[in-house]
Amino acid sequence: MKIAISYPPIVNERGQVAMVSQNRNVQFFKTPTFLLPVVHAQAATWLRDLGYTVLWDDGNAQLKSFDQWYADLRAAAPDIIVLESTTPVMKFYWRLVNQIKRDLPTCIVIMTGYHSMRNPQETMAQCACDVVLRSNHVDFVLRKLVPFIDEHQNWRETCDQEGLWLRLGENDFRNTGNFKQVENLDLSPDVDRDLVQWQRYAYENGNYLQVPGTYATSVIRDCMFGKCTFCRYNGPDLTFSIRSVQKSLDEYQKLIEVYKVREIFDDSGVWYRGKQAREFAQGIIDRGLHKKGVYFGINTRFAYLDEETIKLMGKANFRFVLVGLEAADEETLRRLNKGYLPHQAYQNLAWFTKYGMHPHLTIMVGYYWQTQAMLDLTVKTVRDLMFRGLARTLQVTICTPLDYTPYHVECVQKGVMLTDDYNDFDMSKLIVRTPIPHARFYEAIRSMYGVAVHPRFVARQVRFLASGRKRDWQFLFTYGWRALRRVRNHIFNLTQAQHSPPA
Amino acid sequence: MPNTPVDILTLTHARTTARLGLVHRVLSVRHLTEAAFVVRIERNDVPATAGQCATLGIHGSGINREYSMYAGEHDDYFEFLVRVVEGGQVSTELQRCQPGDQVDFDGPYGQFIIEQPRDPARKYLFIATGVGIAPYRSYIRSYPQLDYTILHGVRYLSECYERDDYPPARYRTCVTREDGGDFRGRVSDYLRAQPPAPGTICYLCGNNAMIAETYDILRAHGVPGDQLFAEIFF
């Protein structure tokens with residue numbers, strides 16, 4: 001059997017490309033940004049290891065037009081096509097699936113991704129796909145499902161693997177129940193970098209200070225905290241799974257010694273903490289990987305990593321620390337179930353900076369309760385953190401109610417949703433009613449991004465040069481230009497958004 | 001949203017509203033073994049559903065960790081069963097707490113709860129390793145009418161924390177490193193030999209490997225995925 005794991009190029013009317021990957025919400029980027037979909041890449045590797053022919057078919061990273069991508073897919077005529085989708089591109093995907101089923105009628109189309117997994121019956125009804133995976137463990141499910149399909153002609157009626165919606169007829173579906181929440185991640189193989197053409201993802205990614213960079217196989221699948229109300233990693237049927245430290249260290253060693261990567265990022269919802277974090281950092285040191293000039297990056301949350309652990313991570317050459325600062329007022333943090341307070345953010349950021357790391361803040365604005373005072377406090381806090389040198393880079397996004405998260409449910413129940421058009425859920429504009437005009441949020445975003453060119457911020461980066469760390473020189477002279485390009489992209493998005501408010 | 005199913009919009013997302021930045025006083029610390037203890041703190045009228053968790057940290061430390069409720073939802077205090085992590089800042093500092101010390105409390109959070117605890121027709125199997133038994137004690141103290149069995153996997157009998165809190169007929173131990181329990185071996189070995197009765201709702205709480213393995217055993221014995229709920233402790 002031939003299996004295509006496919007990411008079609010999706011270009012919007014502004015010429016921006018949709019970045020569908022990693023089960024994140026889709027954002028459209030004008031500046032090229034390529035993220036390796038790690039779990040799907042593990043699935044591809046596993047299926048190839050089982051003897052199947054696997055077509056790694058990322059039209060975005062392979063720089064194809066849609067027409068070229070589609071023509072190539074038709075010519076390849078796979079037996080199975082696996083697609084990953086999220087809310088803002090659902091309508092596109094439904095049309096695409098129907099087109100595929102017309103042109104390749106014997107091809108089995110499998111839908112994955114958070115939107116369809118949360119509402120599988122909708123996708124079954126809206127398009128001619130054959131299977132919807134409810135599980136986020138795409139690799140584990142496909143590892144069993146594909147051989148079953150291969151070996152059983154009546155697989156639709158007989159497959160009892162949990163977490164599937166299977167098509168029996170036009171309006172006749174079969175639900176095999178809840179999916180397995182926890183998997184032993186050590187059983188899933190490391191991503192075969194050659195199979196997924198890793199170098200296509202190694203350069204155009206704003207998280208890298210040095211290239212080539214790559215994403216490691218995530219040590220935590222989903223999020224070990226998992227309580228934030230706006231986040232897709234929250235739900236009664238979700239928990240997390242964890243990969244062993246030693247297996248992850250083995251992969252890092254291979255990436256550095258065989259593939260010669262210069263920066264490795266782990267996109268786990270939240271990376272290890274405590275004992276595992278210390279074991280990992282110590283393992284990097286014990287293997288001498290901290291002396292290879294390679295930087296390591298992670299996602300974390302405030303209040304998870306203590307100073308001793310951060311100190312060890314600094315010694316191990318960790319650099320990029322992505323951490324969510326969703327707001328600076330306690331009311332919002334409480335409503336979002338964030339579990340930290342603003343003063344803890346200051347304290348944690350001071351530790352990261354003290355040990356040479358470059359914290360990257362991800363800020364959100366536009367909650368349906370957010371007042372001008374709350375917004376002003378967030379802007380003031382972010383500017384203060386950046387001017388003090390406690391954070392190096394930032395990313396501001398508009399809080400968009402993601403399908404069936406507690407925040408989304410709350411917005412629906414409170415009647416504050418301004419649209420039900422899935423295309424509007426692309427985080428380019430506010431889609432909830434707010435106590436203050438939407439324009440204030442866009443102004444706030446511009447104000448926060450404006451820090452990057454503020455003389456105080458630039459002066460602070462110059463002062464960092466005194467540390468003598470190579471990374472600070474790289475940050476100012478290499479990364480600065482790329483960062484400015486990305487700021488311009490975000491401001492472009494928002495300028496467009498203000499001209500096309502939701503209905 | 002078009003075609004939004006009602007069951008999704010009515011999912012039980014956190015029945016209680018989390019509090020943030022509260023400071024609670026420690027009432028007591030019960031040392032169960034060298035590596036495990038129960039910390040009891042003021043309730044301060046914070047509502048919670050049995051099985052939820054909260055984050056605790058020493059006041060002002062800047063670091064916190066999630067711990068599942070060990071007390072019942074109607075108790076006038078909170079309790080948390082804590083395993084001491086080697087080198088772990090939060091657990092070791094909590095272990096040293098004295099009555100009157102202050103801890104930062106955020107929460108409660110989480111969905112590892114019982115949906116219909118008062119349905120007498122439901123039978124529950126609560127499977128835990130180590131301190132993963134904590135949320136089950138919370139259920140049992142909150143819903144005395146529950147028809148349940150606990151299957152508790154431990155290394156040594158001393159880790160059968162406060163076993164007198166459970167009727168002997170409802171508490172089964174699987175002990176891996178010494179004799180004297182109900183079963184010598186792991187919970188997974190026990191379940192292979194003695195699978196639950198059909199219709200039993202199974203909860204799994206413990207380490208990743210135990211949950212992943214036990215889930216497969218239960219599925220192989222016909223327990224449907226919709227009757228399996230898991231929460232990782234590590």
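Q: Which residue stands opposite B:C53 in β6(B)?
A: B:C53 stands opposite B:Y109. This is a predicted model, in which local features need pLDDT of at least 70 and side-chain atom pairs count only at pLDDT 80 or more, while totals for chains, interfaces and linings use all residues. Residues are numbered from 1 along each chain as its sequence is written, and chains are lettered from A and ligands numbered from 1 in the order in which they are written.

Q: What makes β3 and β6 of chain B a pair?
A: Two strands pair if DSSP finds at least two bridges between them. The strands themselves are DSSP runs of E with at least two residues, helices being runs of H or I with at least four, and both are numbered from the N terminus.

Q: What makes β4 and β5 of chain B the edge strands of their sheet?
A: The open sheet has 6 strands in the order β4-β3-β6-β1-β2-β5 (chain B), with antiparallel pairing. Strands β4 (65-68) and β5 (77-83) of chain B each pair on one side only. Neighbouring strands of this sheet are turned by 40 degrees against each other on average, direction ignored, where the axes are lines fitted to C-alpha atoms (for helices over the stretch in contact) and angles between N-to-C directions run from 0 to 180 degrees.

Q: Why is β2(B) called mostly covered?
A: A residue is buried if 20 or more other C-beta atoms, placed from the backbone, lie within 10 Å of its own, exposed if 12 or fewer do, and partly exposed in between. In strand β2 (residues 36-42) of chain B, 5 of the 7 residues are buried.

Q: Why does A:M124 count as buried?
A: A:M124, which lies in helix α5 of chain A, has 24 C-beta neighbours inside 10 Å and therefore counts as buried. Leaving aside residues up to four places away in sequence, A:M124 touches A:C129, A:V132, A:W165, A:R167 and A:F173, contact being defined by C-beta atoms, placed from the backbone, that lie within 7 Å.

Q: How does the length of α6(A) compare with the expected span, and what covers its buried residues?
A: Helix α6 (residues 138-151) of chain A has 14 residues and reaches 20 Å from its first C-alpha to its last, close to the 20 Å expected at 1.5 Å a residue, the expected span being 1.5 Å times one less than the number of residues. The buried residues of α6(A) include A:V138, A:F140, A:L145 and A:I149, and among the elements that cover the buried residues are β1 (2-7), α1 and β5 (80-84) of chain A.

Q: What is the sense of the pairings of β13(A), and which way do its residues point?
A: Strand β10 (residues 213-215) of chain A pairs with β13(A) in the parallel sense over 3 bridges, and 4 bridges join β13(A) to strand β14 (residues 295-300) of chain A, again running parallel. A:F265 stands opposite A:Y215 and has A:G297 in β14(A) as its bridge partner. From strand β13 (residues 263-266), A:E263 and A:F265 point one way and A:I264 and A:D266 the other way, and all are buried.

Q: Where do the domain bounds of chain B come from, and how many residues are in contact across them?
A: The bounds come from an automatic or database domain assignment, which divides chain B into domain 1 (19-109) and domain 2 (123-232). The C-alpha centres of these domains of chain B lie 24 Å apart, and 15 residues of domain 1 are in contact with 14 of domain 2. On the side of domain 1 of chain B that touches domain 2, β1 and β5 of chain B each supply at least two residues.

Q: How many residues does each chain give to the contact between chain A and chain B?
A: The contact takes 40 residues from chain A and 43 residues from chain B.

How values were computed: Contact = placed C-beta atoms within 7 Å.
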